[in-house]
Amino acid sequence: MKFRRQRKNDQGVNLTPLIDVVFLLLIFFMVSTTFTKESHLVLDLPEADGRVDETPPEQIEVLIGKDGDYSINGRPLINRQIDTLMKALQDVSLGDTAKPLTITADANATHQAVVTAMDAAGRMGFVHLKITTKQPDSES
């Protein structure tokens with residue numbers, strides 16, 4: 001006996017490939033999206049006419065030379081990259097971001113060098129940031 005197969009009329013649309021494509025697009029957009037965390041620094045700017053404070057022994061000092069070279073607590077860094085600066089801050093602070101951080105820049109240093117130091121400190125989580133100033137010479 002020979003049985004004939006009955007043909008099914010495919011009236012619907014197969015949604016499986018569509019769901020796969022939508023799922024892949026969702027994964028692509030999730031991976032390619034950048035998440036930013038807004039961070040704010042609390043700046044303790046000293047007055048130019050104020051009294052000179054003694055440097056606490058646990059303070060971290062970032063020195064910026066006139067050519068933009070960085071030095072942390074007297075130890076010069078090998079380059080001017082922000083990653084190197086952040087690594088050096090991590091090594092000196094041992095992860096303690098509550099220590100005060102002082103940025104001392106040469107008067108002829110670029111503004112970008114100072115901003116890079118402030119950005120590195122902000123990314124590391126330092127909140128007690130001071131920028132040193134020089135008292136003006138009294139002209140009498």
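Biologist: How many helices and strands does the chain have?
Modeller: Helices (H or I, at least four residues) and strands (E, at least two) are DSSP runs, numbered from the N terminus. Here the count is 3 helices and 6 strands. Along the sequence they follow the pattern α-β-β-β-β-α-β-α-β. This is a predicted model, so local features need pLDDT of at least 70 and side-chain atom pairs pLDDT 80 or more, while totals for chains, interfaces and linings use all residues. Residues are numbered from 1 along each chain as its sequence is written, and side-chain values use heavy atoms, with hydrogens and water left out.

Biologist: What share of the residues of the chain count as buried?
Modeller: Buried means under 20% relative accessible area, exposed over 50%, and partly exposed in between (1.4 Å probe, protein chains only). Of the chain's 140 residues, 24% are buried. The chain exposes about 11,700 Å². Carbon and sulfur atoms supply 55% of that area. Accessible areas come from the Shrake-Rupley method with a 1.4 Å probe, and for residues only the protein chains shown count as cover.

Biologist: How many residues are in the largest nonpolar core?
Modeller: A nonpolar core is a set of buried Ala, Val, Leu, Ile, Met, Phe, Trp, Tyr and Cys residues joined through side-chain atoms within 4.5 Å. The largest one has 24 residues. Those with the most contacts inside it are V62, I64, I72, L89 and L101. At least two residues of this core come from each of strand 2 (60-64), strand 3 (70-72), helix 2 (82-93), strand 5 (101-105) and helix 3 (111-124). Helix 3 gives the most, with 7 residues.

Biologist: Which residues is I72 in contact with?
Modeller: Contact means heavy atoms within 4.5 Å. Leave aside neighbours within four places in sequence, and I72 is in contact with I60, E61, V62, L77, L85, A88, L89 and V92. Now take the chain as a whole. Among contacts between residues at least 6 apart in sequence, 71% join residues at least 24 apart.

Biologist: Which residues of strand 2 are on its covered face, and which on the uncovered one?
Modeller: I60, V62 and I64 make the covered face of strand 2. E61 and L63 make the uncovered one.

Biologist: In which sense do strand 2 and strand 5 pair?
Modeller: Two strands pair if DSSP finds at least two bridges between them. Strand 2 and strand 5 are parallel, with 5 bridges. In this pairing, I64 stands opposite A105 of strand 5. Strand 2 and strand 3 run antiparallel and are joined by 3 bridges. There, L63 stands opposite S71 of strand 3. The hairpin of strand 2 and strand 3 has 5 residues between the strands, and G68 takes a positive phi near 90°.

Biologist: Where is Q59?
Modeller: Q59 is in the loop between strand 1 (43-44) and strand 2. Q59 counts as buried because its relative accessibility is 11%. Beyond residues up to four places away in sequence, Q59 touches N73, P100, T102 and K130.

Biologist: How many salt bridges does the structure hold?
Modeller: A salt bridge is a side-chain nitrogen of Lys or Arg within 4 Å of a carboxyl oxygen of Asp or Glu. The structure holds 3. One joins the side chains of D69 and R80 (3.0 Å, N to O). D69 lies in the loop between strand 2 and strand 3, and R80 in the loop between strand 4 (75-76) and helix 2, so the pair ties together parts that are 11 residues apart in sequence. D69 is partly exposed at 36% relative accessibility, and R80 is partly exposed at 46%.

Biologist: How far apart in helix 2 are D91 and K87?
Modeller: They are 4 residues apart, so about one helical turn separates D91 and K87. Their side chains meet in a salt bridge (3.0 Å, N to O). In helix 3, D119 and R123 are also 4 residues apart, again about one helical turn. The closest N and O atoms of the salt bridge between D119 and R123 are 3.3 Å apart. D119 counts as partly exposed because its relative accessibility is 33%. R123 counts as exposed because its relative accessible area is 52%.

Biologist: Which residues form a nonpolar patch on the surface?
Modeller: Patches are made of residues with over 30% relative accessible area and no salt bridge: like charges are joined within 9 Å, nonpolar side chains (Val, Leu, Ile, Met, Phe, Trp, Tyr) within 5 Å. Here the nonpolar patch is F23, L24, L26, I27, M30 and V31. Together they have about 640 Å² of accessible area. I27 lies in helix 1 (residues 16-32). I27 counts as partly exposed because its relative accessibility is 35%.
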